[in-house]
Amino acid sequence: MSSQSYLQKPPLTLNPSILSPSRSSPASFQINLFQSHQKPTQNKLNGCKNSCSSLLPAAVKGGSSSGILSAIGRAIEEEEEYRKARAEVHKKSVDLEGYSVEGISIGGHETCVVVPQLKAAFDIGRCPSRAVHQNFLFITHAHLDHIGGLPMYVATRGLYSLKPPTIFVPPCIKEDVEKLFDIHRAMSNVELNLDLVALDIGETYEMRNDLVVRPFKTHHVIPSQGYVVYSVRKKLRKQYMHLKGKQIEKLKKSGVEITDTILCPEVAFTGDTKSDFFLDPRNADALRAKILITEATFLDECVTVEHARDHGHTHLFEILEHAQWIRSKAVILTHFSPRYNIEDIRQAVSRLQSKVSAKVIALTEGFKSKYS
């Protein structure tokens, strides 16, 4: 549905021969009762009783008017649900803990999540345009729905005269990624300039003087890893906390190291993984990052936990089971199976929200509402 058609929805009307809203549309009646689609207050609704009944045939006046008003109320509620669903469909980003997070992640189709404040994209999917302007790209594994747009990402940055990006990959795929770029250079007769970094689990890379990144172990059907981006802060050492400003300044000038470097986990991205990563104590930083971006491919009883695990994915039921380990302030769920719609995903979010203190958000771009 285009944005134009959404803004020009059919008026809220009533079919007196049916006396109940049609199920084919959240508001399909035959007599135009309201020009506005905003939900009226109860006082306004009560005030409509006389004017409404003057518009209705004699056969439906009298004792049936309360049933008609009830039908109108139900239709208005459906109208509000429709509006919420459409807002979710068109929503492009979420703002959480000082970061905006946007992108698209549909299981088996494409995954690319962008955090502009970090100048970073996590996986590249089919190379959505918003990813092109991110200087850092973190690849979790080599499945095409996560890496397929890699040559286009580098080529488009060159087309826009942007500086060569820094691309992080698991060490075991670096050689094949280099071959991939060589093939595209030969086929296209173009320069593809990039800095390809094989970053292994436990290693640290300085993105800028106040940001570093470390990979952590994930569990997919092929080699994979997630990433935690940390802010770098200086903290005055405990033994100097009692000193005054001039004394501290004197120590600094004398060459004494008076601060410790503190790494604070800001954003963690898991990519595709089984739920095992929740139970690995080495992944504690990912689970206490301000924002945890993790997959929830399957959401209901129609797919078993065993099926999710056999395919290297996480079921929502497993996240609910391990929710006690989540210390993040916000959790973004991604990589839902395309079998689900916006309403299914919203229900899943509410189930997890009841288990954690973190704010839970779903990345739903590309998914349809049942009202579409």
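**Notes on the salt bridges**

1. Let's start with arginine 126, which is exposed, with a relative accessible area of 56%. Please keep in mind that this is a predicted model. Arginine 126 counts as exposed because its value lies over the 50% cut-off.

2. What does the side chain of arginine 126 meet in a salt bridge? The partner is glutamate 110, at 4.0 Å from N to O. This pair links distant parts of the chain, 16 residues apart: glutamate 110 belongs to strand E5 (residues 110-115), while arginine 126 sits in the loop between strand E6 (120-122) and strand E7 (136-138).

3. A second pair to look at is arginine 208 with aspartate 210, whose closest N and O atoms are 2.5 Å apart in their salt bridge. Here arginine 208 is partly exposed at 38% relative accessibility, and aspartate 210 is partly exposed at 29%.

4. Next come arginine 309 and glutamate 318, with side chains that form a salt bridge at 3.4 Å, N to O. Is glutamate 318 buried or exposed? Glutamate 318 is buried, because its relative accessible area of 5% falls under the 20% cut-off. Arginine 309 is partly exposed, at 29%.

5. For the overall count, a search of the whole structure gives 12 salt bridges.

Key
Residues are numbered from 1 along each chain as its sequence is written. This is a predicted model: local features need pLDDT of at least 70, side-chain atom pairs count only at pLDDT 80 or more; totals for chains, interfaces and linings use all residues. Side-chain values use heavy atoms; hydrogens and water are left out. Helices (H or I, at least four residues) and strands (E, at least two) are DSSP runs, numbered from the N terminus. Buried means under 20% relative accessible area, exposed over 50%, partly exposed in between (1.4 Å probe, protein chains only).
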